[in-house]
Amino acid sequence: MRKGELTKLRIIERAAYLFNEKGYAATTMQDIMDATGLTKGAIYRSFTNKDEIAIEAFQYAGQVLCQHFSAAVDSQNTIIGKIVAMCGIYRDTAYNPPIQGGCPFLNTAVESDHSFPVLRDHAVLAYKQMLGFIQSLLLQGIQSGELRSDMDTESTASFLFSSIEGAIMASRLTRDNRHVSYAMDNIKQLLGAYKA
């Protein structure tokens, strides 16, 4: 990797954690300069503006999260186990989330809803991709005979994702992981009810 590419990656990595912890609106260029040790000019040689950094930082955070999800899925042999393991990466979301600052999807979705339409488009795309991934796992479970064929995979995927994201929010807000535990218990019960 060339020096310019390494510099750009350093900016993206550090900015991803800053944005996830402080939010996009509250993170200043000075914060990014402090976190990277770079001058404003050095940052602007890699990026046109803060919005461009925010978009690439969100995409980077999504890639990091996907690596956690992939490892969780690969560690299990059943579809139910894979889905529960995915939710489990947020088991200690109050104190030790997989990405510093909490769930980048949740944080970005809330902040970008009205104030940052370009980033919102990226959050919507990430949401659709995640729903599609969960739905594909459910379809695999039906095809393999693990899950019943009468499951509505689209609504179930939406419910599963919404449940865990809501539980992440509640656990981070209250600094109490029991909300994620409750969601995981109910997710296990729901999926167990669809066992073939």
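Of the contacts in the protein with a separation of 6 or more, 67% join residues 24 or more positions apart; contact means heavy atoms within 4.5 Å. The model is predicted, so local features need pLDDT of at least 70 and side-chain atom pairs count only at pLDDT 80 or more, while totals for chains, interfaces and linings use all residues. Residues are numbered from 1 along each chain as its sequence is written, and side-chain values use heavy atoms, with hydrogens and water left out.

The protein has nine helices and zero strands. Helices (H or I, at least four residues) and strands (E, at least two) are DSSP runs, numbered from the N terminus. The C-alpha trace spans about 60 × 35 × 30 Å along its principal axes. Of the 196 residues, 45% count as buried. Buried means under 20% relative accessible area, exposed over 50%, and partly exposed in between (1.4 Å probe, protein chains only).

The largest nonpolar core holds 62 residues, and I53 and L138 touch the most other members. α4 gives the largest share of this core, 12 residues. A nonpolar core is a set of buried Ala, Val, Leu, Ile, Met, Phe, Trp, Tyr and Cys residues joined through side-chain atoms within 4.5 Å. Beyond its neighbours within four places in sequence, I53 contacts I11, A15, F19, M29, I32, I43 and F47.

Now follow α7 (117-144). This helix has 28 residues and reaches 40 Å from first C-alpha to last, close to the 40 Å expected at 1.5 Å a residue. The expected span is 1.5 Å times one less than the number of residues. Its buried residues include M130, L131, I134 and L138. The buried residues of α7 pack against α4, α5, α6, α8 and α9. After α7 comes G145, with a positive phi near 90°.

Next, the largest pocket. Its volume is about 560 Å³. A pocket is an open set of points on a 1 Å grid over the protein atoms alone, where a 1.4 Å probe fits, with protein on both sides within 12 Å along at least five of seven lines; lining residues have an atom within 4 Å of a point. Volume is the space filled by probe spheres set on the points, which are joined across faces, edges and corners. The lining has 27 residues, and G62, C66, F69, A126 and M130 lie nearest the centre. α4 supplies the largest share, nine residues.

Finally, R175 lies in the loop between α8 and α9. Its phi is positive, near 55°.
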